[in-house]
Amino acid sequence: MNKNVKSSSRNVAIVGPYLSGKTTLLESLLFVTGVISRKGNVKDGNTVGDSANEARDRRMSVEISTANTEYENTRFTFIDCPGSVEFAQETYHGLMGVDAAIVVCEPIKERVLTLAPLFKFLDDWEIPHIVFVNKMDRANIHVLETLNALKAFSSRPLVLHQYPIMQGEQLTGFIDMVTEKAYQYHPGAPADSITFPENLKAEEHLARAEMLETLANFDDHLLEELLDDIEPPQEEIFKDLKLELGADLVVPVFFGVAEQDFGVRPLLEALLREAPEPETTMERRLGTISDTPVAQVLKTFYTPQGGKLSLVRVWQGILTDGIVLNGVRAGGLYRLMGQQQQSINQAVAGEIVALSRLEGIKTGETISTNSQIKPLPKAEQLEPVFALAITPEKRNDEVKLSTAITKLLEEDPALAWEQHGDTHEVILWGQGEIHLQVTLDRLRRKYNLPMSTHLPQVPYKETIRKPVNSVHGRYKHQSGGHGQFGDVYLNIQPLPRGEGFNFHEKIVGGVVPKQYIPGVEMGVREFLSHGPLGFPMVDVAVTLTNGSYHTVDSSEQAFKQAARLAMQMGVTQAQPTLLEPILKVDVNTPSEFTSKVLQLLTGRRGQILGYEGRHDWQGWDNIYAYLPQAEMQDFIVELRSLTLGVGSFHWEQDHLQEVPEKLAERILQHISFK
């Protein structure tokens, strides 16, 4: 079957939702190709993929894993990608470097929705992909139900490449839809040919006709053959599958049980025969190909022994040990097998390898010996949606924290951090609670930095409701020698929301000398940094209208103190009130969950601004709303719970708004108690 397939390589990503069995499929692929003699399993924590401690602790992929094997004189590089939505950034970066992807899913139609964002990404980037319906030993729905459920979330037509042979709920074999030959599976061995099952002839014939009609939409010659009732040659069908898969026009569907190696060999055969070669992908991405070395960083690792390691796809040219890329001299050159590294002398175009010591080079960057090379497109940066305030358990570790977090952000661009100006907390941002817990585990394990955490404080502000005029503040202090004397009258007024702070003076006759007026403003500003309710004050105008001074005892410092006293008295009379930050949120949800998400928002004091169909996402809605920041802290957790994990949102600070009186009382009581 493979005599005419040229010897080359394939780079294939294994993607799919959490618990679909991606890492198990990788283990099976490595086993049936002979690169490992014994399969590990996720439960025992001994698989090639998921080799990081954080992955094994949770029995889930938390970063991409790479493995190499050979099959029929062709090198396969597989990238096992995380399935959890919280680690989607890893998956998207990994997909930018492959020739094709295997989308692994379960035969549970209610969970097919979880594939929608992945299908959208693959189709937007025109990445050829095959669907592998795994865990068919647990199937309780008909194959066509699974196919129809999948079709609803793919913008590309799905075509059955196999028709599964079931015995009850057990997968026992398959019918190849091109050759129309039937095969029976055997544990630990290749499938063998069997007599075509009579009871499946009608169903298989209909499914095959649909496959051919779909392919004929892209091939006029095939269409003519079908219209004339001419049976197309198998070679023509295989050629069409290769061309149309390579152009991301169709999505072939396979079935199997990775845990038992069922369906894995036919999947490999299809990848070998029909998946695009690296040269095809290079031409599509780069257009004109030259000998100038060009690569793109798919992932950054910091290893305990070797320091920084960059996983790269070589797009053109040859990489060698010590090559200078983007002005940085690379160290060693390696192929990766999980966490194992195999040193190599060079890497040619089409390979995925690791380079050490690419200091200053980030994930997603294009690297080359030519500084004029146009950067390759890279995956969109996901916005953070969940935060924790972190503090080192050991106070002396504070100086090490910045360096450690910088390295973590290089490994995982989906993270962000800030030193909040109002609350003075170090805030770690990420894609969800598990994402941040994995990051905290890495801080502890890699950098010996155990952290204490809590939800970030809400950066409340305060303002005043009514004006107060001619507030008097006098500071007089005598302690031998020169004393201190300052005397001011202030008007304090509220400003419209968002105006901030204004200071004016209307001094007549020099009752407050000009050299002391900056001290008055300084005193006012210092008071506003911590108002009577305990928060910074905003939207306040203060005017210096009158005062008096002493020729010997007055000073800028004395007038600063007088202004603070006046503010302390005046603001208390001006009805101080608590303000909370309001976010403008854009929530993305499948339309079937829109009503529940609307209830979620209103239940969190959200103000609905409207909703509409999501652009270029069939069956999805965008909901626009104002949401208090205090209600956002675990919003993503509940949103994902309502939407099978696929709901997301974009947010930005919009305005400040008065906190409802009863809620403000509870907030202030809580703060006083603390």
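In this predicted model, 10 residues of domain 1 are in contact (heavy atoms within 4.5 Å) with 13 residues of domain 3. The centres of the two domains, taken over C-alpha atoms, lie 38 Å apart. Domain 1 spans 9-276 and domain 3 spans 386-442; such bounds come from an automatic or database domain assignment.

Residues are numbered from 1 along each chain as its sequence is written. Local features need pLDDT of at least 70, side-chain atom pairs count only at pLDDT 80 or more, totals for chains, interfaces and linings use all residues, and side-chain values use heavy atoms, with hydrogens and water left out.

- Domain 1 and domain 3 bury about 980 Å² between them, 53% of it on carbon and sulfur atoms. Buried area is the accessible area (1.4 Å probe) that two parts lose on being put together, summed over both.
- E54, R58 and E86 supply 51% of the area that domain 1 buries against domain 3, more than any other three residues.
- The rule finds two salt bridges across this interface. A salt bridge is a side-chain nitrogen of Lys or Arg within 4 Å of a carboxyl oxygen of Asp or Glu.
- R58 and D441 join their side chains in a salt bridge, at 2.7 Å from N to O.
- Helix 2 (53-58) and helix 3 (88-95) each supply at least two residues of the side of domain 1 that touches domain 3. Helices (H or I, at least four residues) and strands (E, at least two) are DSSP runs, numbered from the N terminus.
- Helix 3 gives the largest share of that side, three residues.

**E106 in its loop**

- E106 sits in the loop between strand 4 (100-105) and helix 4 (116-124).
- E106 is buried, with a relative accessible area of 12%. Buried means under 20% relative accessible area, exposed over 50%, partly exposed in between (1.4 Å probe, protein chains only).
- Beyond its neighbours within four places in sequence, E106 is in contact with L19, S20, R111, V133, N134 and K135.

**Helix 4**

- Helix 4 is mostly covered, with eight of its nine residues buried.
- Among the buried residues of helix 4 are L118, F119, K120 and D123.
- The buried residues of helix 4 pack against several elements, including strand 1 (9-15), helix 5 (143-151) and strand 33 (620-628).
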